[in-house]
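I opened a notebook on this chain.

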Amino acid sequence: MSTFGGRMQEIPDVSVDNFENENLLSTAFFLSHAHTDHMRGLNDVAFYERLLTAEKEGCTVYLYCSDITRVYLMDMKFKKGKKHLMNMGFEKIDKYIKVLPLGPSLIDVPSPENSDSRTLAVTCIPAGHCPGSVMFLFETDKFNVLYTGDFRILPEDICKFTSLRNGPSLKKIHTLYLDTTFLDTCYYYFPSRAESASTVCNRICEWLQLSPRHTVVIDLPARCGTEFIFVKIKETLGIKVHVNNETYLQYKGIEEIHTCLTDDSRYARVHACCLRNEVQNLSLPSWPGDDYHTRIIKPSAMWFESSGKDGKPLSVTSRGGYHCQVAHSSHASFKELADFIYTLKPNHIVPTAVPSWKSMREVQKILKELLSNPVTLENFQEDSYSAIDSDICSNEHF
């Protein structure tokens with residue numbers, strides 16, 4: 001859960017992933033991805049009026065994001081409230097949205113005092129969190145500032161991003177605004193997305209093979225972020241995942257994902273048509289004359305505490321097999337964070353997420369130690385983890 005306030009000391013007049021309170025004074029806004037904890041204030045009347053007022057004053061203020069994030073925004077609907085826009089969703093602010101491509105761009109940041117503006121170099125870098133998620137690299141005459149948003153990037157991949165390089169070496173990062181969601185040695189290791197998706201497929205396969213009346217519901221942690229699993233299910237098992245009509249239409253412009261989905265529940269055996277808090281109320285079409293048997297598969301990282309010393313199964317079943325947890329994370333593990341810091345070697349780190357079980361002071365203490373002693377990660381934990389998932393299913397189509 002993001003705890004970032006939105007403003008960066010190094011770059012005045014710019015706000016990222018927060019659009020309320022003092023951020024309304026900014027003259028350029030950035031959204032890293034379309035998860036609601038990074039969108040505080042974005043649907044408020046106050047933010048819309050900020051954009052409208054600036055335009056009337058001849059100083060147009062824009063919201064910058066990736067093309068896929070804009071698609072998500074246009075499809076989002078929110079409950080109507082006094083402080084919120086009408087149920088139209090974000091259509092009202094679409095004219096103020098500018099899509100940034102991956103790679104470097106130059107944008108104009110208006111001055112809040114007069115009609116002047118300054119040019120800011122900003123680079124969008126894939127964040128690996130969900131479709132459309134990006135990191136922002138801001139470059140000024142004095143500072144290079146990297147804001148990760150929510151991210152999961154392997155350290156070896158960082159060196160492949162040409163935007164982060166100056167010839168053979170990496171650019172110097174003055175301040176790193178870092179997603180520290182799992183900055184805890186309890187979450188030292190996470191399986192890769194490929195491992196997690198394969199495990200989900202195995203758990204689906206073993207359940208569907210029991211009888212034609214067995215079905216699966218994927219317990220979604222958020223509206224977007226599990227698309228890789230949908231693609232893997234189609235590739236491995238040859239079946240489409242049922243989603244609600246709104247979600248199905250949302251992916252219409254993203255062919256790789258859209259072809260893995262269906263909005264027809266009648267013949268689907270794998271469903272991902274609701275969010276986590278709605279699963280218990282889900283009503284699926286039953287088989288005539290008999291009960292159907294539904295396994296709920298919950299991709300999640302919170303339960304998967306790994307010390308890194310002993311092998312641990314990537315999935316756990318309970319309630320007679322009807323409930324299954326699978327280790328899956330779209331955030332960096334502790335080791336990945338430590339390696340990321342070691343690779344970039346920033347001067348300063350600002351945490352943008354504080355785990356609910358830790359204080360800001362504790363997070364800052366860990367970051368300080370990783371920053372000052374990057375080559376002694378073994379002091380935190382040994383890296384000797386081996387994942388276990390021995391139940392392999394064939395690529396049988398259902």
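**Entry 1: the whole chain**

I began with contacts (heavy atoms within 4.5 Å). Of the contacts in the chain with a separation of 6 or more, 69% are between residues 24 or more positions apart. This is a predicted model, where local features need pLDDT of at least 70, side-chain atom pairs count only at pLDDT 80 or more, and totals for chains, interfaces and linings use all residues. Residues are numbered from 1 along each chain as its sequence is written, and side-chain values use heavy atoms, with hydrogens and water left out.

I listed the secondary structure next. The chain has nine helices and 22 strands. Both are DSSP runs numbered from the N terminus: helices are H or I with at least four residues, strands are E with at least two.

Then I looked up burial. Buried means under 20% relative accessible area, exposed over 50%, and partly exposed in between, with a 1.4 Å probe and protein chains only. Of the 398 residues, 53% count as buried.

**Entry 2: the cores**

I searched for nonpolar cores. Such a core is a set of buried Ala, Val, Leu, Ile, Met, Phe, Trp, Tyr and Cys residues joined through side-chain atoms within 4.5 Å. The largest has 51 residues. Those with the most contacts inside it are Leu42, Leu63, Leu73, Ile93, Ile204, Ile233 and Val270. The elements that give two or more residues to this core are α1 (45-56), β4 (62-65), α2 (67-75), α4 (193-208), β13 (214-218), α5 (227-237) and β20 (323-327). Helix α4 gives the most, with seven residues. Another core lies apart from it, of 37 residues, including Ala301, Trp303, Leu344 and Ile366. In soluble globular proteins, nonpolar side chains tend to be buried together.

Leaving aside neighbours within four places in sequence, Ile204 is in contact with Val216, Ile233, Leu237, Val270 and Ile297.

I also checked α2. Thr69, Tyr72, Leu73 and Met74 are buried there. The buried residues of α2 pack against β4, β5 (97-99), α5 and α6 (245-250).

**Entry 3: a helix pair**

At what angle do α8 and α9 pack? Helix α8 (residues 334-344) and helix α9 (residues 360-372) pack at about 50 degrees, with their axes 9 Å apart. Axes are lines fitted to C-alpha atoms, for helices over the stretch in contact, and angles run from 0 to 180 degrees between N-to-C directions. So α8 is oblique to α9. Under 35 degrees counts as roughly parallel, over 145 as roughly antiparallel, 65 to 115 as roughly perpendicular, and the rest as oblique.

I then read off the side chains. Phe334, Ala338 and Ile341 in α8 meet Ile366, Leu367, Leu370 and Leu371 in α9. The residues of this contact divide into seven nonpolar, no polar and no charged. Here Ala, Val, Leu, Ile, Met, Phe, Trp, Tyr, Cys and Pro count as nonpolar, Asp, Glu, Lys and Arg as charged, and the others, Gly among them, as polar.

**Entry 4: positive phi**

Most residues other than glycine have a negative phi. Asp13 has a positive phi of about 75 degrees although it is not a glycine. Asp13 lies in strand β2 (residues 11-16). Asp13 is buried, at 17% relative accessible area.

Asn21 also has a positive phi, near 55 degrees. Asn21 is found in the loop between β2 and β3 (28-30). At 57% relative accessibility, Asn21 counts as exposed.

**Entry 5: single residues**

Is Ala54 buried or exposed? Ala54 is buried, with a relative accessible area of 1%. Ala54 lies in helix α1. Beyond four places in sequence, Ala54 is in contact with Cys59, Thr60 and Val61. The C-alpha atoms of Ala54 and Pro110 are separated by 9.8 Å, and the two are 56 residues apart along the chain.

I moved on to His242, which is found in strand β14 (residues 241-242). His242 counts as buried, at 9% relative accessibility. Not counting residues up to four places away, His242 touches several residues, among them Asp263, Asp264, His271 and Cys273.

Tyr322 counts as partly exposed, at 36% relative accessibility. The C-alpha atoms of Tyr322 and Thr294, 28 residues apart along the chain, are separated by 6.4 Å. Not counting residues up to four places away in sequence, Tyr322 touches Trp207, His293, Thr294, Arg295 and Ile296.
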